[in-house]
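Student: I'd like to learn how to read a structure feature by feature. Please walk me through this one.

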Amino acid sequence: FQVNFIFPFPFFPQVLLLACAEDLECVPGFQQKVFYIEQPFEFTEDQPVLKLEFDDCKGNNKLNFEVSNPDFKVERDGSLVALKNISEAGRALFVHARSEHAEDMAEILIVGANEKHGALKEILKIEGNLGIPRQKRAILATPILIPENQRPPFPRSVGKVISREGTEGAKFRLSGKGVDQDPKGIFRINEISGEVSVTRTLDREAIANYELEVEVTDISGKTIDGPVRLDISVIDQNDNRPMFKEGPYVGHVMEGSPTGTTVMRMTAFDADDSSTDNALLRYNILKQTPTKPSPNMFYIDPEKGDIVTVVSPTLLDRETMETPKYELVIEAKDMGGLDVGLTGTATATILIDDKNDHPPEFTKKEFQATVKEGVTGVIVNLTVGDRDDPATGAWRAVYTIINGNPGQSFEIHTNPQTNEGMLSVVKPLDYEISAFHTLLIKVENEDPLIPDIAYGPSSTATVQITVEDVNEGPVFHPNPMTVTKQENIPIGSVVLTVNATDPDTLQHQTIRYSVYKDPAGWLEINPTNGTIGTTAILDRESPYVQNNIYTALFLAIDSGNPPATGTGTLHITLEDVNDNVPSLYPTLAKVCDDAKDLRVVVLGASDKDLHPNTDPFKFELSKQSGPEKLWRITKLNDTHAQVVLLQNLKKANYNIPISVTDSGKPPLTNNTELKLQVCSCKKSKMDCSATDALHISMTLILLSLFSLFCKSFPEL
């Protein structure tokens with residue numbers, strides 16, 4: 001067995017290193033499977049690189065060689081030569097040999113100068129002064145290369161492992177992924193001869209390399225040498241079609257684009273070995289739909305897959321095309337595009353995008369519209385035509401009123417569905433002021449026109465608007481109307497005389513008045529002259545008055561057919577007068593009969609009137625009867641006073657007469673009574689059950705009866 005390192009340059013002498021101890025039986029295939037050569041500056045045409053030796057052990061009948069790189073070939077004598085001067089050949093070459101009786105693969109690794117010395121040290125060891133190399137281990141396991149997709153029969157011999165040790169009963173044992181690890185059973189070894197065989201077809205795209213281990217065991221199974229690594233590489237065959245995986249493929253190009261404009265890139269994937277022609281792809285356009293205006297609108301770069309335009313800009317006109325969408329059937333072929341290559345196809349959709357090369361034009365120069373006075377809303381739709389793409393800003397219209405709208409009574413907006421201009425009245429028109437209006441309107445696109453295109457006369461139009469007269473309702477002046485009156489003025493008092501006029505000055509109509517809403521029923525109006533008078537007392541404290549203001553509505557009705565009505569609002573501000581006596585709170589108080597604190601209650605006063613007819617209030621006790629005074633009242637502030645007992649009282653109910661007077665002019669007084677309950681209090685519980693008669697009230701009744709008796713019988 002021998003391993004050769006070939007350095008085909010004048011300054012690198014050829015070296016032949018032998019590592020064999022005895023002649024071996026003939027093994028079909030390459031006698032050496034792996035070669036290392038140093039990368040030259042250039043492989044010279046017809047200059048031998050190295051010599052390969054293949055023996056099928058049966059005369060090499062019909063021997064044929066194939067090289068993975070098409071720039072190399074193997075002569076009949078086994079010499080590997082370059083077909084041309086080559087500066088870069090990659091990292092490896094594979095040579096496949098086949099005869100009637102055997103086939104095999106050899107690998108030629110191309111290394112640099114530094115890699116060369118590393119490879120020598122890795123494989124061989126120099127020993128002794130003789131400089132004769134020998135294998136460190138007794139097992140020689142050279143790499144094995146196997147083409148994928150081999151056909152039966154199986155198992156098929158693919159290589160051989162050799163041991164220099166001749167131990168009696170020694171056996172080879174193979175292990176690793178593909179043997180005793182999943183996927184199991186792909187490889188096996190003859191434990192006696194060391195012959196390695198494959199049991200099934202291999203797929204490089206599934207597993208490209210197998211790293212196995214070989215060892216030698218004795219008859220008991222004990223390892224006596226190894227393990228040694230055995231590399232098996234699967235040689236790629238062209239068994240995968242190119243595939244387009246990134247679809248759908250959609251490209252866009254602007255109409256009128258220059259010839260050679262790049263539209264999109266198509267990229268296919270090939271699962272075969274990317275370092276071989278099996279995955280070297282070339283692209284081609286098989287079909288274009290539609291075929292007009294030219295059957296060859298586009299070109300694809302065979303190597304990059306870039307699709308570009310090849311027609312002139314004038315032919316790339318979206319508005320003259322049968323359709324703005326083109327579909328291209330793209331083919332990717334491996335083997336560099338050779339006829340033997342496998343193919344894959346995909347469809348590329350190319351959309352011709354619109355540019356704004358057509359201005360919008362009105363369908364007619366003048367539009368007519370009629371609108372009733374006082375009405376708002378759309379009065380006419382202006383129609384335009386535009387040849388550009390309706391899905392773009394090159395088609396969408398923008399309208400502008402450029403003349404005839406000084407009062408801003410009109411607005412125009414674009415209908416997004418139809419592209420029409422919707423002209424609207426936004427401020428009611430008055431027939432009596434102007435019966436006709438003329439507007440000048442222009443239309444443009446959202447997107448600007450391209451530089452060599454301009455808007456023409458057809459991009460402006462006139463709108464003639466006729467205003468129709470309608471019977472308008474009378475108008476109050478002013479509206480709302482305001483007046484200030486005192487509350488409680490006499491019934492029949494005049495509040496206000498309203499004034500309403502008819503906008504229809506050309507119709508000479510009369511106006512009548514009526515009450516529309518009078519929540520409290522306080523008012524009336526003269527139907528002829530509009531004088532408003534009172535029918536009831538105006539009360540500022542009424543619930544119909546809010547914030548001192550009473551609101552009523554009146555109608556003015558003209559004599560038209562049908563009659564028209566106007567509504568006027570009257571706000572009456574009511575001034576306060578002192579017409580409400582103050583009220584006292586609370587009206588009930590409780591106290592214990594043995595209370596130490598004789599301050600019974602704090603009284604407060606309120607008044608519905610407004611200041612100054614309210615506080616400060618004056619609090620007084622009515623005259624107390626009897627020999628002793630029982631209580632007093634003390635003012636605390638303008639609105640409150642305190643009632644204090646002068647002594648403890650017996651359990652009973654007492655009525656304390658109190659008067660409270662406001663500050664109005666004249667002042668009003670409210671005479672009222674505070675009910676005082678004197679209760680018994682024990683253990684924090686108050687008992688106010690009224691078992692005794694009203695003490696003070698009964699006393700007052702007896703005194704009154706006595707006084708009446710004295711007046712009736714003065715002689716007594």
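Tutor: Let's start with the labels: strands are DSSP runs of E with at least two residues, and they are numbered from the N terminus. Keep in mind that this is a predicted model. With those labels, Pro290 sits in the loop between β25 (282-289) and β26 (298-300).

Student: Which peptide bond involves Pro290, and what is its omega?

Tutor: Thr289 and Pro290 are joined by a cis peptide bond, with omega at about -5°. There's another cis bond between Asp182 and Pro183, where omega is also about -5°. For that one, look in the loop between β18 (171-176) and β19 (187-189), where Pro183 is found.

Student: Let's stay with backbone angles. Which residue other than glycine has a positive phi near 55°?

Tutor: That's Asn547, whose phi is near 55° although the residue is something other than glycine. Asn547 lies in the loop between β45 and β46. Ser684 is not a glycine either, and its phi is positive at about 65°. Its loop runs between β55 (669-682) and β56 (685-687).

Student: Is Asn547 buried or exposed?

Tutor: The cut-off for exposed is over 50% relative accessible area. Asn547 has 73%, so it counts as exposed. Ser684 is exposed as well, with a relative accessible area of 82%.

Student: Now for sheets. In what order do the 4 strands of the open sheet come?

Tutor: The order is β40-β47-β46-β43, and the pairing in this open sheet is mixed. β40 (481-486) and β43 (511-517) are at the edges; each has a single partner strand, so one side of each has no neighbour in the sheet. From one strand to the next, the twist averages 30°.

Student: Over how many bridges do β46 and β47 pair?

Tutor: Strand β46 (residues 549-558) and strand β47 (residues 565-575) pair over 9 bridges, in the antiparallel sense.

Student: What is Ile572 in contact with, leaving aside its neighbours within four places in sequence?

Tutor: Tyr550 is one of its contacts, and the list also holds Val483, Lys485, Val495, Leu523, Asn548 and Ile549. Ile572 has 1% relative accessibility, so it counts as buried.

Student: Where is Arg540 placed?

Tutor: Arg540 is in the loop between β45 (531-534) and β46. Its relative accessibility is 9%, so Arg540 is buried. Its side chain makes a polar contact of 2.7 Å with the side chain of Asn548. Beyond four places in sequence, the contacts of Arg540 include Glu487, Glu575, Asp576, Lys608 and Asp609. Val545, Leu574 and Leu610 are also among them.

Student: Next, a charge and a ring. What lies over the face of Phe154?

Tutor: Arg156 does, at 5.9 Å from the ring centre.

Student: And how many aromatic pairs does the count come to?

Tutor: For rings, check two numbers: centres have to lie within 6.5 Å, and planes over 60 degrees apart make a pair edge-to-face. The count comes to 12 aromatic pairs. In one, the ring centres of Phe244 and Tyr249 are 6.0 Å apart with the planes at 85°, so this pair is edge-to-face. Phe244 and Tyr249 are both buried. Trp631 and Tyr654 form another edge-to-face pair, with 6.3 Å centre to centre and 75° between the planes.

Student: Which strands do Trp631 and Tyr654 lie in?

Tutor: Trp631 is in strand β52 (residues 631-635) and Tyr654 in strand β54 (residues 652-661), so the pair ties together parts 23 residues apart in sequence. Burial has its own cut-off, under 20% relative accessible area. Trp631, at 5% relative accessibility, counts as buried. Tyr654 counts as buried too, at 2%.

Student: Which residues form one aromatic cluster?

Tutor: Select Phe30, Phe54 and Phe65, which form one aromatic cluster.

Methods: Residues are numbered from 1 along each chain as its sequence is written. This is a predicted model: local features need pLDDT of at least 70, side-chain atom pairs count only at pLDDT 80 or more; totals for chains, interfaces and linings use all residues. Side-chain values use heavy atoms; hydrogens and water are left out. Rings of Phe, Tyr and Trp (its six-membered ring) pair if their centres lie within 6.5 Å; planes under 30 degrees apart count as stacked, over 60 as edge-to-face and the rest as tilted. Buried means under 20% relative accessible area, exposed over 50%, partly exposed in between (1.4 Å probe, protein chains only). A charge sits over a ring if NZ of Lys or CZ of Arg is within 6 Å of the ring centre and within 35 degrees of the ring normal. Two strands pair if DSSP finds at least two bridges between them. Axes are lines fitted to C-alpha atoms, for helices over the stretch in contact, and angles run from 0 to 180 degrees between N-to-C directions. A polar contact is a pair of N or O atoms within 3.5 Å; within protein, one must be able to donate a hydrogen and the other to accept it, and residues adjacent in sequence count only if both atoms are side-chain atoms. Contact means heavy atoms within 4.5 Å.
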